[in-house]
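Please look over the model below with these notes beside you.

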Amino acid sequence: MAITAAQQLALPTADGGVERYVPGAAPELPAPTGKPPRTRVAIAAAHVVCDPLAPGDPIAEPAIDWDATLAYRRHLWSYGLGVAEAMDTSQRGGALTWPLAQELIKRSAAEATAVGGRLVCGAATDQLDPAAPAPLEEITAAYLEQCTLIEGVGATPVVMCSRHLARTARGAEDYRRVYDEVLGEASGPVMLHWLGEVFDPALRGYWGAVDPAEAIDAVADLIAAHAERVDGIKVSLLDDELERELRDRLPDGVRVYTGDDFNYPTLIRGDERGHSDALLGIFDAIAPVAAAALGALDAGDLERYDELFAPTVPLARHIFAAPTGSYKAGVVLLAYLNGHQSHFRMLGGMESARSALHYAELFRLADRAGVLADPERAAARMRPVLELAGIEQP
């Protein structure tokens, strides 16, 4: 069969050239059932869809396309994944301000109730002035305000790392003081989050130690003291052995939710030391493949599990390459290529955070990983992205 112009792309190469590229066939994956996996808890940190036609300055006045944003959460729930709302993947701590995050949490909670989907939501301290120092009492109060809102809409708070606390704390005892009070006031189990410096340089030295290996004692002791209030901790350090070490030290019943977008297949699969559950940004981008792999794990088919997940790892490592915080742009590009939004624009113009060369390699890797649901549509949508960068298309 002849290949049409619409099926092929001119992709830039690392040596400054351009290659002709034709994506492969659509992947064969199970239809969504809405049923969560049985042997692991799996949650996708979800992105938001911006409204590119909203009036006003898109940086100073970011606007969300609520219909498309909530439709994407229904897509994730349809594959049996939980949704982590208002966290890093949604540009929290960046263009997603606390006023926008509040509305996002409330709207997502209503959708979760309607479809019976699991929802966890980030609780931070971003209602405080980002430029002004904040005493520990104000940081604690900010955490409690956000946790109260999240619990009030029926979701589970994820107590995220605070830039304010990282700047104010003078040692491990200051972190312990704040977290003791926040966990002591929780009305039900919450999740903690250890977001490493690789994701957010402002969090350097979190828990009172620059080297995360030296902070494990503080984290493990905190969780042991509040085990009845802690469902688990999301670990986003991109250090699989450190994650295993923390996992080994936690009380029975407290989960580690891997946030390691480099090593998730082996951490979720597990070994003689146990396994991690998952709360991952990459699951936003690869939901159908992730659901199929977790279904294979449920069935005890480890060969199929590895077969499905293995080619997604090069894609994930590319999307989350340094500077890691820019990974959101790759996640949103894949949502656009797969037809979940009509444009490739982001809050605050973050689509410009990666190069055309980066996006071209992302397309190749997504194709090889079976992540492009309709390769011909994906190619058609990739063409204007490349043309905007001055790369003429066939």
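The points below concern a predicted model.

1. **Pocket volume and centre.** Start with the largest pocket. Its volume is about 550 Å³. The lining counts 27 residues. Those nearest the centre of the pocket are Arg92, Gly93, Gly94, Asp126 and Arg163.

2. **Pocket lining by element.** Two elements give two or more residues each to the lining of the largest pocket: α4 (163–168) and β7 (190–195). Helix α4 gives the largest share, three residues.

3. **Pocket lining by residue type.** How many residues of the lining are nonpolar, polar and charged? Eleven are nonpolar, nine are polar and seven are charged.

4. **Asn263.** Find this residue in the loop between β9 (255–258) and α8 (264–269). Is Asn263 buried or exposed? Its relative accessible area is 14%. The cut-off for buried is under 20%, so Asn263 counts as buried.

5. **Partners of Asn263.** Leave out residues up to four places away in sequence, and Asn263 touches Asp240 and Arg317. With Arg317 there is also a polar contact between the side chains, at 2.9 Å.

6. **Aromatic pairs.** The whole structure holds 16 aromatic pairs. One of them joins Trp194 and Trp207. The ring centres are 6.5 Å apart, with 80 degrees between the planes, and the pair is edge-to-face. Trp194 sits in strand β7, while Trp207 sits in the loop between β7 and α6 (212–225). The pair therefore ties together parts 13 residues apart in sequence. Both Trp194 and Trp207 are buried.

7. **Phe344 and Tyr359.** Here the ring centres lie 5.3 Å apart. The planes stand at 85 degrees, and edge-to-face applies over 60 degrees, so this pair is edge-to-face. Phe344 belongs to the loop between α13 (327–337) and α14 (356–368), and Tyr359 to helix α14. Parts 15 residues apart in sequence are thus tied together by the pair. Phe344 is buried, as is Tyr359.

8. **Aromatic cluster.** Which residues do ring pairs link into a cluster? They are Tyr143, Tyr175, Tyr179, Trp194, Tyr206 and Trp207.

Notes
Residues are numbered from 1 along each chain as its sequence is written. This is a predicted model: local features need pLDDT of at least 70, side-chain atom pairs count only at pLDDT 80 or more; totals for chains, interfaces and linings use all residues. Side-chain values use heavy atoms; hydrogens and water are left out. On a 1 Å grid over the protein atoms alone, a cavity is a set of points where a 1.4 Å probe fits but cannot get out, and a pocket is an open set with protein on both sides within 12 Å along at least five of seven lines; lining residues have an atom within 4 Å of a point. Grid points are joined across faces, edges and corners, and a volume is the space filled by probe spheres set on the points. Helices (H or I, at least four residues) and strands (E, at least two) are DSSP runs, numbered from the N terminus. Ala, Val, Leu, Ile, Met, Phe, Trp, Tyr, Cys and Pro count as nonpolar, Asp, Glu, Lys and Arg as charged, and the others, Gly among them, as polar. Buried means under 20% relative accessible area, exposed over 50%, partly exposed in between (1.4 Å probe, protein chains only). A polar contact is a pair of N or O atoms within 3.5 Å; within protein, one must be able to donate a hydrogen and the other to accept it, and residues adjacent in sequence count only if both atoms are side-chain atoms. Contact means heavy atoms within 4.5 Å. Rings of Phe, Tyr and Trp (its six-membered ring) pair if their centres lie within 6.5 Å; planes under 30 degrees apart count as stacked, over 60 as edge-to-face and the rest as tilted.
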